[in-house]
Amino acid sequence: MTKRFYIAGNRLLTHILFWLGYLLVYTSVHADGEDGLFNYFLSELQRLPAAMLVTYINIYVLFPHLFKQKRYIAYATSAIALLFVASLLDRILLERFIEPTFFPDTTYYEAIFVWYLIFKVMLWFLAPVLLFTLLIKVLEHWFDQERIHQDTLHEKLEAELNYLKAQVHPHFLFNTLNNLYALTLQSSTDAPKVVLKLSGLMRYMLYESQSEGISLDKEIAHIRNYIELEKLRYGNRLDVSLNVSGEIEGKKIAPLLLIPFVENAFKHGVSHETDNVWVTIDLKVKDEWLSVKVENSHTGTDSSPTDNVTHGGGIGLLNVKRRLDLLYPDTHRLILQKEPEYYTVDLKIKLQ
């Protein structure tokens with residue numbers, strides 16, 4: 001048995017307790033009240049070698065080499081042969097050694113091959129031991145297979161999440177460098193500020209966001225820095241607000257999960273507009289649920305985030321939708337809507 005099936009992680013202790021339990025159970029089952037329990041205990045003790053032979057050959061030979069390999073007919077045949085040999089051994093030990101040695105005054109000579117007694121020991125005493133140990137090994141094997149399956153699934157999901165998270169970095173960097181390029185073309189004095197903000201954002205993405213969960217406070221601070229960077233780009237024609245409420249402290253969220261929605265608000269609702277534009281972001285935590293609502297204006301000339309996701313574009317949103325499915329299965333709701341004058345992203349996540 002694997003270590004986790006041992007009592008207190010001790011193999012020897014587990015086997016000792018198993019056989020002690022075997023003796024107590026068989027004594028209580030077979031005692032009929034005519035003799036004292038101690039006599040029945042001694043009787044079961046005499047059959048212990050045969051039971052141990054069945055148990056250990058079944059566990060270490062028949063199960064791994066026959067049953068586990070799905071050679072069921074060979075296993076059944078070998079198991080019957082094992083029961084017969086063990087029962088015969090029990091008769092030999094009882095009639096030729098135990099009774100003559102320990103009970104010489106009450107014993108009398110009896111043939112070994114008494115078929116009734118041999119089959120009685122096989123079916124009544126040894127077969128239950130074989131079936132019980134087989135059940136233990138089947139359950140152990142099932143648990144091992146399930147653990148391997150879960151480990152494989154976890155590794156696969158972890159690899160996919162790491163891949164998706166890695167995609168966030170170049171995608172975000174690409175958009176931000178476009179912003180910086182536009183400012184340098186204008187010889188804007190805001191370009192150094194953009195470089196400084198970009199440095200802080202990249203530090204967050206490269207170092208602080210590598211864990212599975214990060215403080216919601218830090219994720220919101222990351223969003224604030226991104227908004228400040230966009231304000232430098234668009235100037236006075238951009239009206240943007242970020243409203244945060246509820247029990248924010250102490251809550252954790254998967255890193256870089258919210259920023260794609262903010263990115264897309266600027267990409268699809270602001271970057272192609274020449275008039276005054278607006279973006280509103282509301283974050284609220286209540287009863288372990290995070291509600292995020294992002295709205296941005298549009299004139300209808302640009303494709304919406306919903307259109308991009310539907311037709312294969314919008315890398316950021318496709319990425320975040322997949323991450324939500326992997327990280328928060330059945331504990332999130334995402335709705336993307338396009339209204340005549342604005343886009344809406346409505347996200348709810350049950351925080352862990």
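This is a predicted model: local features need pLDDT of at least 70, side-chain atom pairs count only at pLDDT 80 or more; totals for chains, interfaces and linings use all residues.
**Notebook: loops, a buried charge and a leucine patch**

I started with aspartate 330, which counts as exposed because its relative accessibility is 79%, and exposed here means over 50%.

**Entry 1: aspartate 330.** Next I looked up where this residue sits. Aspartate 330 is in the loop between α10 (315–327) and β6 (332–338). Then I checked its backbone. Aspartate 330 isn't a glycine, yet it has a positive phi of about 65°.

**Entry 2: glutamate 288.** I found another residue of this kind. Glutamate 288 isn't a glycine either, and its phi is positive, at about 70°. I traced glutamate 288 to the loop between β4 (277–286) and β5 (289–297). Buried, partly exposed or exposed? Glutamate 288 has 35% relative accessibility, so it counts as partly exposed. The partly exposed class runs between the buried cut-off of under 20% and the exposed cut-off of over 50%.

**Entry 3: glutamate 219.** Now for a charged residue on the inside. I found glutamate 219 in helix α7, which covers residues 216–234. Glutamate 219 is buried, and I noted that it has no salt bridge. How far away is the nearest side chain of opposite charge? That side chain belongs to arginine 323, and I wrote down 6.8 Å for it. A salt bridge needs the charged atoms within 4 Å.

So what does the side chain of glutamate 219 reach? I followed it to the backbone nitrogen of leucine 256, at 2.9 Å. I also listed the contacts of glutamate 219, skipping neighbours within four places in sequence. Among them are Ile253, Ala254, Pro255, Leu256, Leu257, Leu258 and Ile259. Tyr204 and Ile214 are on that list too.

**Entry 4: the leucine patch.** Back to the surface. Which residues form a nonpolar patch there? I got Leu13, Leu17, Leu20 and Leu24, with about 330 Å² of accessible area together. Leucine 13 counts as partly exposed because its relative accessibility is 34%.

**Entry 5: the whole chain.** Last, I zoomed out. I noted 10 helices and 7 strands in the chain. The chain has 352 residues, and 39% of them count as buried. Its accessible surface comes to about 19800 Å², with 61% of that belonging to carbon and sulfur atoms. I then turned to contacts between residues at least 6 apart in sequence: 72% of these join residues at least 24 apart.

Terms used. Residues are numbered from 1 along each chain as its sequence is written. Side-chain values use heavy atoms; hydrogens and water are left out. Patches are made of residues with over 30% relative accessible area and no salt bridge: like charges are joined within 9 Å, nonpolar side chains (Val, Leu, Ile, Met, Phe, Trp, Tyr) within 5 Å. Accessible areas come from the Shrake-Rupley method with a 1.4 Å probe; for residues, only the protein chains shown count as cover. Buried means under 20% relative accessible area, exposed over 50%, partly exposed in between (1.4 Å probe, protein chains only). Helices (H or I, at least four residues) and strands (E, at least two) are DSSP runs, numbered from the N terminus. Lys and Arg count as positive and Asp and Glu as negative; His and the chain ends are not counted. A polar contact is a pair of N or O atoms within 3.5 Å; within protein, one must be able to donate a hydrogen and the other to accept it, and residues adjacent in sequence count only if both atoms are side-chain atoms. Contact means heavy atoms within 4.5 Å.
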